[in-house]
Amino acid sequence: MEKVVGISSATVYVDDYQQALAFYQKHFGFEIKHRMGESASWGKIGEAALYIEGGNKPADITEKTVRASVVFSVKSAKKFFNQLKVDDINFIHSEPQNMGGGNFFFFFRDPAGNILEILGGE
């Protein structure tokens with residue numbers, strides 16, 4: 001039986017490609033490796049691969065609906081939270097949540113409404 005050996009990349013489907021691209025470049029350091037037409041690109045955030053594709057319809061997604069999500073690692077969840085606050089980000093948590101063991105997490109929405117997660121130290 002063939003088994004999955006890893007996760008190749010994360011994919012983010014968005015409505016407005018240019019807006020999403022600017023967001024992921026500014027806050028996540030997204031570096032385009034390959035442009036795939038006018039509304040899609042594949043690239044890297046650190047060592048992780050990310051594909052962004054525009055032209056999709058927004059869906060009604062809440063923190064309690066069935067969905068897949070991407071969890072981004074940072075050194076300090078609290079510092080990253082405060083960094084995002086400057087740009088009037090739509091947060092689901094009002095502050096990073098303590099999950100024990102020195103780890104904190106929070107959920108927020110990207111410009112297309114996708115729920116993203118951040119995990120890091122204090």
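A search of the whole structure, which is a predicted model, finds three salt bridges. One of them joins Lys-26 to Asp-87, with the closest N and O atoms 2.6 Å apart, and this pair links distant parts of the chain, 61 residues apart.

**Salt bridges**

- Lys-26 lies in helix α1 (residues 17-28), whereas Asp-87 sits in the loop between α2 (77-85) and β6 (90-91).
- Of these two partners, Lys-26 is exposed, with a relative accessible area of 56%, while Asp-87 is partly exposed at 29%.
- Glu-122 forms a salt bridge with Lys-78, the closest N and O atoms being 3.1 Å apart, and the pair connects the segment after β9 with helix α2 across 44 residues.
- Glu-122 counts as exposed at 56% relative accessibility, but Lys-78 is partly exposed at 29%.
- The side chains of Lys-33 and Glu-31 also meet in a salt bridge, at 3.1 Å from N to O, and here Lys-33 is partly exposed at 41%, as is Glu-31 at 44%.

**Around Ser-76**

- Ser-76 belongs to strand β5 (residues 71-76), and it counts as buried because its relative accessible area is 14%, which is under the 20% cut-off.
- The side chain of Ser-76 reaches the backbone nitrogen of Lys-79 at 3.1 Å, and, leaving aside neighbours within four places in sequence, Ser-76 is in contact with Gly-121 and Glu-122.

**The largest pocket**

- The largest pocket has a volume of about 680 Å³, and among the 35 residues lining it, Ala-10, Thr-11, Val-12, Ser-69 and Val-70 lie nearest its centre.
- The elements giving two or more residues to this lining are β1 (10-13), β4 (48-53), β5 and β9 (115-121).
- By class, the lining of the largest pocket holds 22 nonpolar, nine polar and four charged residues.

Methods:
Residues are numbered from 1 along each chain as its sequence is written. This is a predicted model: local features need pLDDT of at least 70, side-chain atom pairs count only at pLDDT 80 or more; totals for chains, interfaces and linings use all residues. Side-chain values use heavy atoms; hydrogens and water are left out. Helices (H or I, at least four residues) and strands (E, at least two) are DSSP runs, numbered from the N terminus. Buried means under 20% relative accessible area, exposed over 50%, partly exposed in between (1.4 Å probe, protein chains only). A polar contact is a pair of N or O atoms within 3.5 Å; within protein, one must be able to donate a hydrogen and the other to accept it, and residues adjacent in sequence count only if both atoms are side-chain atoms. Contact means heavy atoms within 4.5 Å. On a 1 Å grid over the protein atoms alone, a cavity is a set of points where a 1.4 Å probe fits but cannot get out, and a pocket is an open set with protein on both sides within 12 Å along at least five of seven lines; lining residues have an atom within 4 Å of a point. Grid points are joined across faces, edges and corners, and a volume is the space filled by probe spheres set on the points. Ala, Val, Leu, Ile, Met, Phe, Trp, Tyr, Cys and Pro count as nonpolar, Asp, Glu, Lys and Arg as charged, and the others, Gly among them, as polar. A salt bridge is a side-chain nitrogen of Lys or Arg within 4 Å of a carboxyl oxygen of Asp or Glu.
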